[in-house]
Protein chains: 2
Amino acid sequence: MMFEQIPTILQKDCSLKPGCPILAGVSGGPDSLCLAVLLQRSGYPVIVAHYNHHLRPEAGDDARFVAEFAEANGMRCVGSGADVAEYAEIHSLSIEEAARQLRYQYLFAQAQLWRCQAVAVGHTADDQVETVLMHLLRGSGLAGLRGMVYRSLPNTWSAEVPLVRPLLGIWRSEILDFCAANGLQPVQDASNLERFYFRNRLRLDLLPILESYNPRFRPALWRMANILGADYEVLEGQAEAAWQECQRAVGEGYICLGRSALLAQPLGIQRAVIRRAVALLRPGIRDIDFAVVDRATDFIASPPETNQADLFAGLKIALEGELLWLRRVEADLPGVQWPQLLPGQEFELEIPGNHDLSDGWQFVCELLDDPADARRQAQANADPFQAWFDLDSLSLPLLVRGRRAGDTLSPLGMGGHSLKLSDFMINCKVPRRARARWPLVVSGNHIAWVPGFRLAHPFRLKVVSLRVIHLSLL
Amino acid sequence: MMFEQIPTILQKDCSLKPGCPILAGVSGGPDSLCLAVLLQRSGYPVIVAHYNHHLRPEAGDDARFVAEFAEANGMRCVGSGADVAEYAEIHSLSIEEAARQLRYQYLFAQAQLWRCQAVAVGHTADDQVETVLMHLLRGSGLAGLRGMVYRSLPNTWSAEVPLVRPLLGIWRSEILDFCAANGLQPVQDASNLERFYFRNRLRLDLLPILESYNPRFRPALWRMANILGADYEVLEGQAEAAWQECQRAVGEGYICLGRSALLAQPLGIQRAVIRRAVALLRPGIRDIDFAVVDRATDFIASPPETNQADLFAGLKIALEGELLWLRRVEADLPGVQWPQLLPGQEFELEIPGNHDLSDGWQFVCELLDDPADARRQAQANADPFQAWFDLDSLSLPLLVRGRRAGDTLSPLGMGGHSLKLSDFMINCKVPRRARARWPLVVSGNHIAWVPGFRLAHPFRLKVVSLRVIHLSLL
């Protein structure tokens with residue numbers, strides 16, 4: 001990677017517009033000084049932003065140094081800081097994580113304030129290798145193994161301001177040479193040498209060991225990340241298409257997917273769709289555990305008897321007929337896809353007449369005057385929410401109500417054989433949580449129709465029927 | 001991973017048919033003994049095959065032990081061997097690679113002979129982790145990072161007999177427990193402890209170090225490989241579709257791809273298509289270097305002035321118009337997509353008449369009697385291999401010949417302005433290697449038509465034309 005390629009990387013890989021300001025996070029170390037200088041030379045107005053973590057005695061000196069550097073180079077400089085150690089304690093975070101959160105929050109707030117086109121940070125090829133190695137050690141999929149990217153938007157910190165990392169292809173040694181050649185005298189962060197930090201141990205201890213197995217290990221890992229990044233994009237493209245195809249409903253705290261559409265996808269895409277769903281339901285989570293995704297794909301391939309399972313930390317998966325529901329345990333699922341009575345609701349059907357249920361469902365009742373035509377219609381019908389009845393077999397008025405203990409049904413097609421309504425509902429896979437308030441059409445003491453499923457044998461349209469009513473639930 | 005899952009893994013992941021024989025490669029170590037026993041218990045007739053590498057003094061004992069094991073378990077046993085060290089020296093291979101080649105060649109030959117449905121080998125989850133780690137250290141894409149697979153067909157050794165690895169999800173420690181619990185007393189291969197072998201160094205030295213960073217490193221790497229395996233399948237599926245879409249011609253030693261179709265693919269797929277092409281042209285190569293693929297994708301995105309480049313070791317890439325040619329340097333490219341004269345070929349056109357060129361191309365010459373209709377046809381025509389001429393402007397007979405030094409052309413649409421034929425051919429991107437033998441239609445000393453490109457101004461159809469000839473090259 002040559003420095004001459006930086007203008008191209010800024011425009012092509014980082015999608016930056018020359019001439020429009022960029023906010024550069026500058027610690028005062030070699031990477032960030034080099035970053036600010038390269039941005040300026042490539043024709044971008046630079047706002048230098050320094051965040052003081054108050055973690056080291058010389059932190060104040062660093063802040064002054066950065067201000068002087070900006071001044072000397074004709075760049076605007078902004079700065080702030082906080083007691084990171086205290087913040088870490090209050091929020092039970094590691095010092096590293098607390099520093100990261102405070103710093104990025106500040107950078108993005110300033111970028112917004114100064115209307116910058118991006119926040120730029122000085123991550124190098126070495127940082128990339130360390131990041132990928134960290135993901136490798138922890139265990140990761142493509143999303144982690146591809147490492148950091150030149151441009152990320154949306155990112156953890158903003159949906160509008162991109163985070164760019166123009167130096168991702170430049171090695172630290174090249175940056176040190178650049179600083180020396182350009183008279184930059186960066187500060188040294190002594191904490192980079194402390195083995196207390198996991199990342200430092202990787203850099204100082206593990207990477208040299210790995211290089212003893214392959215002296216070209218760092219560039220090899222860098223290239224691997226680069227290659228996998230492009231593979232990840234392909235996969236994400238296909239996952240996005242599958243996501244659109246499989247999605248049946250999305251709401252506050254739940255996502256509904258079509259099971260057969262999902263099963264038709266290759267396993268890698270099924271997993272990507274599950275990761276998307278989990279990320280949407282639990283946006284805080286940075287890495288989604290393999291085991292969670294596996295549990296979900298296993299559930300989808302062979303649902304348990306109960307048709308539901310816990311995924312992890314308050315996330316549940318359930319199957320209702322063909323629909324998969326992923327939801328936070330506290331989420332209300334929508335009823336809109338089924339007809340449901342209000343609690344305790346019941347009413348008499350007018351013939352003819354219209355009756356509204358909740359969620360836009362409506363009973364429509366018509367009297368038909370041509371029984372032969374009605375029979376033809378009934379035979380051709382494929383919609384389970386329509387039914388034709390022999391009016392003279394029914395006891396009027398017809399009542400619409402929810403189920404009651406002891407309800408039975410003689411389903412059409414079972415020769416008049418009768419069974420418990422509860423067993424019928426289980427057999428027909430009426431969604432469990434919809435059973436209690438499922439609207440039933442009742443004639444006298446007999447259930448005449450379970451809309452969406454079956455009408456009752458005694459009230460069916462017969463060859464001798466003279467008067468016909470047509471019920472539909474729309 | 002539980003041993004109870006083995007029958008499912010055999011049937012589902014390895015696609016094996018219970019009851020049909022399998023050839024198991026058995027060294028006498030714990031993994032392969034466990035493999036043979038599990039296969040037999042799952043209902044597969046097992047043929048035990050042992051290959052004696054003659055590398056250790058106790059090699060003969062191992063062979064006898066395996067024969068006794070087979071006998072005691074009612075399995076047929078076959079065996080052979082060779083002096084691996086000598087083979088390695090003759091073929092300049094590492095001992096490991098020589099042993100591997102000889103052993104697998106033998107196993108697959110025996111599998112064919114005994115009509116076995118597969119060759120099974122005893123690679124374990126630990127082997128998988130070591131393999132993935134080796135690829136990681138060397139630098140690899142998805143194909144390497146996914147590690148070994150349960151079933152591979154075609155494989156390096158056979159296009160018909162699959163290689164299966166049923167124990168890929170079982171850890172060595174579980175296998176040792178299995179052996180102890182089942183009274184199996186495997187031989188110990190002392191060479192497993194020699195740090196001379198790269199793989200042994202990984203197992204004995206590097207893996208424990210990595211586990212000091214994450215005690216669950218091995219299972220994490222195993223899961224990573226498993227996840228990436230599914231991602232790889234998705235990518236390969238898309239690459240296959242792209243391969244079909246981009247491919248324009250394939251022949252002995254060359255592959256022709258459509259450039260714009262390839263450029264329309266995401267980078268990850270472009271790379272996969274290039275890898276396929278290289279693998280087809282150089283089937284011996286096990287890993288295709290990142291740099292080679294990058295060189296090719298760079299070439300495709302921005303071809304150099306010369307329109308050609310060396311990829312590596314005798315593999316070339318060239319651009320001709322819209323067509324990308326990847327070829328072995330010694331391969332003859334086909335001419336079939338262009339009309340070409342034989343060397344030195346020239347002939348007079350009969351009017352009317354047909355004239356065959358090589359590769360199925362044919363000149364057809366017709367006299368038209370309705371000039372107004374001919375003008376309409378000429379105006380509506382989009383095929384550059386058809387042209388209409390004012391017969392009275394031409395000097396007959398028309399000659400078809402290749403280019404000569406000093407040829408010039410007054411292309412239609414340039415107001416009679418004349419330029420060198422060689423410049424015209426460059427401007428119009430007539431493929432370089434097709435220029436010398438491109439058929440030209442010549443009237444007297446003037447070129448009347450460069451089929452596929454342009455006819456000459458003086459001979460164009462005019463409003464006053466009375467007699468028209470129509471030439472087409474089919």
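Of the 474 residues of chain A, 50% count as buried. The structure is a predicted model. Chain A contains 15 helices and 22 strands. Its C-alpha atoms fill a box of roughly 105 × 50 × 40 Å along the principal axes. The radius of gyration of chain A is 33 Å, whereas a compact globule of 474 residues would have one near 23 Å. Contacts across the sequence were also counted. Among contacts in chain A between residues at least 6 apart in sequence, 66% join residues at least 24 apart.

The relation between the chains was examined next. Two copies of a chain are related by a rotation about an axis and a shift along it. Here, chain A is superposed on chain B by a rotation of 180 degrees, with 0.1 Å of shift along the axis. The RMSD of this superposition is 0.1 Å. The two copies are thus related as by a two-fold rotation axis. A:Leu235 is the residue of chain A that comes closest to this axis, with its C-alpha at 3.5 Å. Of the interface residues of chain A, 100% are also interface residues in chain B, so the copies meet through the same surface.

Helix packing was then considered. Two packed helices are described by the angle between their axes and the distance between the axes. In chain A, helix H6 spans residues 125-138 and helix H10 spans residues 217-246. Their axes come within 9 Å and cross at roughly 75 degrees. H6(A) and H10(A) are therefore roughly perpendicular to each other, as angles of 65 to 115 degrees count as such. From H6(A), the contact is made by A:Ala125, A:Asp126, A:Gln128, A:Val129, A:Val132, A:Leu133 and A:Leu136. H10(A) contributes A:Arg218, A:Leu221, A:Trp222, A:Met224 and A:Ala225. By class, the residues of this contact of H6(A) with H10(A) are nine nonpolar, one polar and two charged.

In chain B, helix H6 (residues 125-138) packs with helix H9 (residues 198-213). The angle is about 90 degrees and the axes are 10 Å apart. H6(B) is thus roughly perpendicular to H9(B). The residues of H6(B) in this contact are B:Asp127, B:Val129, B:Glu130, B:Thr131, B:Leu133, B:Met134 and B:Leu137. Those of H9(B) are B:Phe198, B:Arg199, B:Leu202, B:Arg203, B:Leu206, B:Leu207 and B:Leu210. The contact of H6(B) with H9(B) has nine nonpolar, one polar and four charged residues.

Two residues of chain B were examined individually. B:Glu320 is found in strand S10, which covers residues 315-320. The relative accessible area of B:Glu320 is 12%. This residue is therefore buried, since the cut-off is under 20%. Neighbours within four places in sequence aside, B:Glu320 is in contact with B:Trp325, B:Trp338, B:Pro431 and B:Arg433.

B:Phe385 lies in a loop of chain B, between helix H14 (371-380) and strand S15 (386-390). B:Phe385 also counts as buried, at 18% relative accessibility. B:Arg454 is 69 residues from B:Phe385 along the chain. The C-alpha atoms of these two residues are separated by 9.1 Å.

Terms used:
Residues numbered from 1 in each chain as written. Chains lettered and ligands numbered in written order. Predicted model: local features only at pLDDT ≥ 70, side-chain atom pairs only at ≥ 80, totals over all residues. Heavy atoms only, no water. Least-squares fit on C-alpha atoms with pLDDT ≥ 70 in both. Contact = heavy atoms within 4.5 Å. Axes fitted to C-alpha atoms, helices over the stretch in contact; angles between N-to-C directions. Helix = DSSP H or I, 4+ residues; strand = E, 2+ residues; numbered from the N terminus. Parallel < 35°, antiparallel > 145°, perpendicular 65-115°, else oblique. Nonpolar A, V, L, I, M, F, W, Y, C, P; charged D, E, K, R; others polar. Rg over C-alpha atoms; globule rule 2.2 N^0.38 Å. Buried < 20%, exposed > 50% of the residue type's maximum accessible area, 1.4 Å probe, protein only.
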